[in-house]
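My entries follow in the order I made them.

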Amino acid sequence: MSPKAQKPAPAETEEAPPELEDLPGVGQATADKLRESGYADLMELAVASPDDVATAADIGEGAAQKIIQEARKRVQVGGFESGSAILERRRKLGRISTLSKALDELLGGGVETQAITEVYGQFGSGKTQLGLQLSASVQLPPDQGGLAGEAVWIDTENTFRAERLAEIAKALGLDPTQALERVHVARAFNSNHQELLVPKAFELARERPVRLLVVDSLTAHFRAEFLGRGALAERQQRLNRHMHELLRFGDVFNAAILCTNQVSARPDVLFGDPTGPIGGNIVGHTATYRIYLRKSKPPRRIARLVDSPNLPEGEAVFSVTGEGIRD
Ligand code: ATP
Ligand code: MG
């Protein structure tokens, strides 16, 4: 399935959902292993790849394929859908306001759920600030541009600043202490740890109403660890898998995924563009929306929507102020 193909809708029924153990071929041991790897319900299995499930449960790929097919039948995922069903699912999309009207408009009304939005740009271009703003905005009620939700933040470079988040939240009229309680931050020490934090996020989102997941930065560890041409194929493969796990999170919880990415000073080997985002085409093809940020006359920033399945390319000017992102 191409990364931008339609993804299945999250399960909606409130009746007791079938358990993993209800699937033929899934015993207690397999169910336990699956849960440990973050597959807690049939929906999550239904949208997984046989390869991943085989590794998670320590079973053959054929067996994994059968389990996935069975899960798909039970939660009615994986067949053809009518256009109206797809439209109905798109109606459930949520949007989180960036608090800049111009930037929201560029994005078709804010940062979308069930999608990955990649923001790339130089140091100081406002990527982390945008993540902090959204982590506060997501907590607002829907009529104020939020989703009354919480945020998960995967921090790879130790750049999450609680004081800054409190300041931004306060400017929105939120209680800063409460706002900080609603943002769940984990520091990722290397790329492998970063990947393992995604199943942790799944666990958390089962308990809390998480509607935003920020990965800041998506590529820093991968870039530092996989050096040279020889390591490139593996790096891209790992990044690709990581992003698909993130997308799965977005689908299952109807959450927005924001990934930040630096531009490489030297041409990225795959991208060949001196200001290209790291991870080049792999990241670009998996992200649903790509935004290129650049600095303008302070405090202004220019955002360019580079790639979108349904919106025109364009630019928006916004500011990074003491209160957060504004026009
Ligand atoms: P990097 O690639 O280094 O992570 P970045 O794109 O994440 O960079 P940010 O940290 O989002 O960059 O942006 C930092 C910039 O945001 C500062 O240079 C400053 O211009 C602005 N900024 C940060 N905090 C404030 C504040 N409290 N008031 C006004 N502007 C601020
Ligand atoms: Mg940053």
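**Helix α3 and its neighbours**

I began with α3, where P50, D51, V53 and A54 meet E61, A64, Q65 and I68 of α4. Contact here means heavy atoms within 4.5 Å. Helices (H or I, at least four residues) and strands (E, at least two) are DSSP runs, numbered from the N terminus. I sorted the residues of this contact by class and got five nonpolar, one polar and two charged. Ala, Val, Leu, Ile, Met, Phe, Trp, Tyr, Cys and Pro count as nonpolar, Asp, Glu, Lys and Arg as charged, and the others, Gly among them, as polar.

Before going on I noted the ground rules. This is a predicted model, in which local features need pLDDT of at least 70 and side-chain atom pairs count only at pLDDT 80 or more, while totals for chains, interfaces and linings use all residues. Residues are numbered from 1 along each chain as its sequence is written, chains are lettered from A and ligands numbered from 1 in the order in which they are written, and side-chain values use heavy atoms, with hydrogens and water left out.

I then looked up the geometry. The axes of α3 and α4 (residues 61-75) come within 8 Å and cross at roughly 110 degrees, so α3 is roughly perpendicular to α4. Axes are lines fitted to C-alpha atoms, for helices over the stretch in contact, and angles run from 0 to 180 degrees between N-to-C directions. Angles under 35 degrees count as roughly parallel, over 145 as roughly antiparallel, 65 to 115 as roughly perpendicular and the rest as oblique.

On α1 (residues 28-36) I found that its axis and that of α3 (residues 50-57) come within 8 Å and cross at roughly 110 degrees. From α1 the contact uses T30, K33 and L34, and from α3 it uses V53, A56 and A57. I counted four nonpolar residues there, one polar and one charged.

**Helices α10 and α12**

How do the axes of α10 and α12 cross? For α10 (residues 191-207) and α12 (residues 228-253) I read a crossing of roughly 10 degrees, with the axes coming within 11 Å. The two helices are therefore roughly parallel to each other. Among the residues that meet are V198 and F202 in α10 and L246 and F249 in α12. By class, this contact holds eight nonpolar, four polar and five charged residues.

I also checked the length of α12. After α12 comes N254, with a positive phi near 50 degrees.

**Backbone exceptions**

Most residues other than glycine have a negative phi, and most peptide bonds are trans. I listed L99 for its positive phi of about 75 degrees; L99 sits in the loop between β1 and α6. D216 and S217 are joined by a cis peptide bond, omega about -5 degrees, and S217 is in the loop between β6 and α11. The bond from P298 to P299 is also cis, with omega near 0 degrees, and P299 lies between β8 and β9.
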